[in-house]
Amino acid sequence: MMIDRDALKRAAAARAIEEVEDGMILGLGTGSTAAFVVEGLAARVRAGLRITGIPSSERTAEQARRLGIPIATFAEYQQLDLTIDGADEVELGTLNLIKGLGGALLREKIVAAASRRLVIVVDQEKLVDRLGEHTPVPVEVTRFGWQRTAAALAALGCAPVRRYAGEEPFISDEGHFILDCQFGPIADPALLERRIADTVGTVESGLFIGRTSMVVAATTTGVEVLSPPPRTR
Ligand code: 5RP
């Protein structure tokens, strides 16, 4: 059966937007699912909702501006009420995430860390039993010495591949390279996140551990809302 993934993403976005209240300072995610959220928010803004968005990428900032959503930066606000963002994999049970196939993981993690709540919108294809089943862990690294950093990451049990955008290496909004690190199913994502963070030359990884407040997952049989286990946010 052919699944209309855009319809699922749109359904998840619509449910997540119900979490938004008037006056909120809102983190705006990045990616094709987050773009549906921004679209839906713009419709509510046109209907009178007052929000201020902090975009997690230049791409999202451009979309928000174009659709008339007021945006700000961390110069004005350091505490956000809510962030709604997509993910590449959601681990069932823990709701830990892999993010960053869209290349915005660093800003996304900064925005998520500044938010009281992080709501993740996905379609059913993103739900996995173990992180790393389908997706590499994107790792943002400095351009200087990236080959040395890649060798150090390889020693953690992966084969890092530098990401390209067409013919040229992909450069993040913060000016870094991204190494996609395929680990396979990850037994201890929290430990791996710490090991990557301890590797000199890495800036941030796409492992989001204990940050999720709620997952809105659209499936062919309806929209499901998942909560994290106690102790994570
Ligand atoms: C970008 C991200 C995105 O949230 C993630 O890649 C999901 O994107 P999409 O909704 O297009 O599948 O982490 O850095």
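Predicted model: local features only at pLDDT ≥ 70, side-chain atom pairs only at ≥ 80, totals over all residues.

Analyst: Residues are numbered from 1 along each chain as its sequence is written, and side-chain values use heavy atoms, with hydrogens and water left out.

User: How far does a polar side-chain atom of Ser32 lie from an oxygen atom of the ligand?

Analyst: A polar contact is a pair of N or O atoms within 3.5 Å. A side-chain N or O atom of Lys99 is 3.0 Å from a ligand oxygen atom, and for a backbone N or O atom of Gly103 the separation from a ligand oxygen atom is 3.3 Å. For the polar side-chain atom of Ser32, the distance to a ligand oxygen atom is 2.5 Å.

User: How many residues of the shell around the ligand are nonpolar, polar and charged?

Analyst: Gly is counted among the polar residues, and Asp, Glu, Lys and Arg are the charged ones. On that basis the shell divides into four nonpolar, eight polar and five charged residues.

User: Is Ile84 buried or exposed?

Analyst: Ile84 belongs to strand 3, residues 80–85, and its C-alpha atom is separated by 6.0 Å from that of Leu118, 34 residues apart along the chain. Buried means under 20% relative accessible area and exposed over 50%, with partly exposed in between (1.4 Å probe, protein chains only). Because its relative accessibility is 2%, Ile84 counts as buried.

How values were computed: Polar contact = N/O pair within 3.5 Å; in protein donor to acceptor, adjacent residues only side chain to side chain. Helix = DSSP H or I, 4+ residues; strand = E, 2+ residues; numbered from the N terminus.
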